[in-house]
Amino acid sequence: MSNFLAAVRNRTQSVMSIDGFPVILLVNVFLGIAFSFVLPFNSMFGIDEIGMSNTAFGVFMMVSTLCGVGISTYIGKLSDRASDRKMILILCALAGAIGYIGFAYSRNYYVLLAISAIFLGIASSTFPQVFAYGREVLVKAKLPAKEIPFYMNILRVLFALSWTVGPAIAAYVLLYFGFKGMFLVAASCYIIVVGIVLLSLKKTSKEKAAPKPPQASVPLRQVIFQPFIFVNLIAFTLISVANTIGSLNMAQFVTKVLNGEEKDIGIIFSIPPVFEIPFMLGFGILALRIKSDNLIRLGSLLAFAYFGAIFFATEIWHIFPIQILSAAYISITSGIAITYFQDFIPEMPGTATALYSNTSKIGSLLGFLLFGLLSDAFGYRNVYLWCAIFAFVAMVMLFALVKAKRVQFDSGSALNA
């Protein structure tokens, strides 16, 4: 155990010596704060502040999500062909600042929908672009390929760390300054990101003598519908669906099935973040010794075990230790998974990261739509049975790809089919 902790400490310290990487870590902190300020309070803003009905809010989220998926996928592809990713990152962050300033001052449903679909749709590319830039920095530093997942997990840890303080600060700002103040703080975070990128990050332009990566000219449709990549996209979307439905269902399950109280819900949701950061660091170290494919399959297995265990819980205290499984599978499917996707098409990190990010967005969208249907039709306990089924299907798909990856990628046919 002491050797393992020493390895974590030594690797973490080495992060600061990589040119450009500490800056991108700082960028991710402010980006994480902006996300954590807004996302937990979306429904309160739409339903309580704007007066949307549940249906109108659902349409609002659906349109915004679909636009975000389309725009971020296009920007991801564009960024892999552009000469400078830095400028794209600046434009995406500027769109985020404009979008949240608009949210601070407008209370018109259609104006907000347009702002969300366009400006926040563009801003949704900031997250994958940060991780794409981070990978390029690590590759340029000539780190061994097997070490990249650990450093990318460090980047993901900083984003997760922002969530340990962001929602609490946001609640305080909301209490004293309202939604206007909350959105202005989020916009300020994006402005800070623009400043850091503009003043501190170097261009990522390729050397003139370097040939154009052949993958950059491959049509996006051909990339997505490569069988191995397409199956992974479906599997990760199913995991996101299960995660979204399970999170939405927890409060109802605790209070209406297990007869718990609001304080129990608070404890349940506070447990995973405590374990996610050390898990992310630990799985990052394991990625130095174990292929990321195997860790991803482990993550899907842990997700299936988590939802299955929740289904059988009969007392409130049963859920507390089970939440550690939640932290474990999320640490893999939201940390190691980024590098896992980037390894599919290493010369197109923007596209790869956008594809991964979109599985979460589409999964959340489907989860919002399915939660009400499943809970009404089968009851709150059986919702977790459905979550376990989604996770099980994802697990089967990922385990079925053990040989598929070796044949498709080692044969060099991945982008020539």
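# Questions on a predicted chain

Me: At 64% relative accessibility, does Asn259 count as buried or exposed?
Reply: Buried means a relative accessible area under 20%, exposed means over 50%, and partly exposed lies in between (1.4 Å probe, protein chains only). With its relative accessibility of 64%, Asn259 counts as exposed.

Me: What is the mean pLDDT of the chain?
Reply: This is a predicted model, in which local features need pLDDT of at least 70 and side-chain atom pairs count only at pLDDT 80 or more, while totals for chains, interfaces and linings use all residues. Residues are numbered from 1 along each chain as its sequence is written, and side-chain values use heavy atoms, with hydrogens and water left out. The predictor's confidence in each residue, from 0 to 100, is its pLDDT. In this chain 88% of residues reach 70 or more, and the mean is 83.

Me: How many contacts beyond four places in sequence does the model have for residues 406–417?
Reply: A contact is a pair of heavy atoms within 4.5 Å. Over residues 207–212 pLDDT stays under 50, and the model has zero contacts there beyond four places in sequence. Over residues 406–417 pLDDT also stays under 50. For residues 406–417, the number of such contacts is 21.

Me: How many helices does the secondary structure of the chain come to?
Reply: Helices (H or I, at least four residues) and strands (E, at least two) are DSSP runs, numbered from the N terminus. The chain has zero strands. Its helices number 17.

Me: What share of the contacts between residues at least 6 apart in sequence join residues at least 24 apart?
Reply: The chain has 417 residues, and buried residues make up 54% of them. Among contacts between residues at least 6 apart in sequence, the share that joins residues at least 24 apart is 84%.

Me: Where is the kink in helix 9 centred?
Reply: The expected span of a helix is 1.5 Å times one less than its number of residues. For the 35 residues of helix 9 a straight helix would reach 51 Å, but the end C-alpha atoms are only 24 Å apart. A bend is the angle between axes fitted to the seven residues ending at a residue and the seven starting there. In helix 9 there is a kink of about 130 degrees, centred on Phe177.

Me: What distance separates the C-alpha atoms of Ala170 and Val185?
Reply: Ala170 lies in helix 9 and is buried, at 0% relative accessibility. Beyond four places in sequence, Ala170 touches Phe37 and Phe41. Ala170 and Val185 are 15 residues apart along the chain, and their C-alpha atoms are separated by 8.7 Å.

Me: How far apart in space are Leu201 and Gly20, C-alpha to C-alpha?
Reply: Leu201 is in the loop between helix 9 (166–200) and helix 10 (220–224), and at 4% relative accessible area Leu201 is buried. Its contacts beyond four places in sequence include Gly20, Val23, Lys86 and Tyr133. Although Leu201 and Gly20 are 181 residues apart in sequence, the C-alpha distance between them is 6.5 Å.

Me: At which residue does helix 11 bend?
Reply: The 31 residues of helix 11 should span 45 Å, which agrees with end C-alpha atoms 42 Å apart. Within helix 11 lies Asn249, buried with a relative accessible area of 0%. Asn249 is in contact with Phe371, Tyr380, Val383 and Tyr384, leaving aside neighbours within four places in sequence. The bend of helix 11, about 40 degrees, is at Asn249.

Me: Which residue with a positive phi follows helix 11?
Reply: Most residues other than glycine have a negative phi. In the loop between helix 11 (227–257) and helix 12 (262–286) is Asn259. The residue with a positive phi, near 55 degrees, is Asn259.

Me: Which residue's backbone oxygen does the side chain of Thr333 reach?
Reply: Thr333 is in helix 14 (residues 316–342) and, at 9% relative accessibility, is buried. Beyond four places in sequence, Thr333 touches Phe236, Ile239, Gly299 and Tyr356. At 2.8 Å, its side chain reaches the backbone oxygen of Tyr329.

Me: How many disulfides does a search of the whole structure find?
Reply: A disulfide is a pair of cysteine sulfur atoms within 2.5 Å. Cys67 is partly exposed at 27% relative accessibility, whereas Cys92 is buried at 2%. Across the whole structure, the number of disulfides found is zero.

Definitions and conventions: A polar contact is a pair of N or O atoms within 3.5 Å; within protein, one must be able to donate a hydrogen and the other to accept it, and residues adjacent in sequence count only if both atoms are side-chain atoms.
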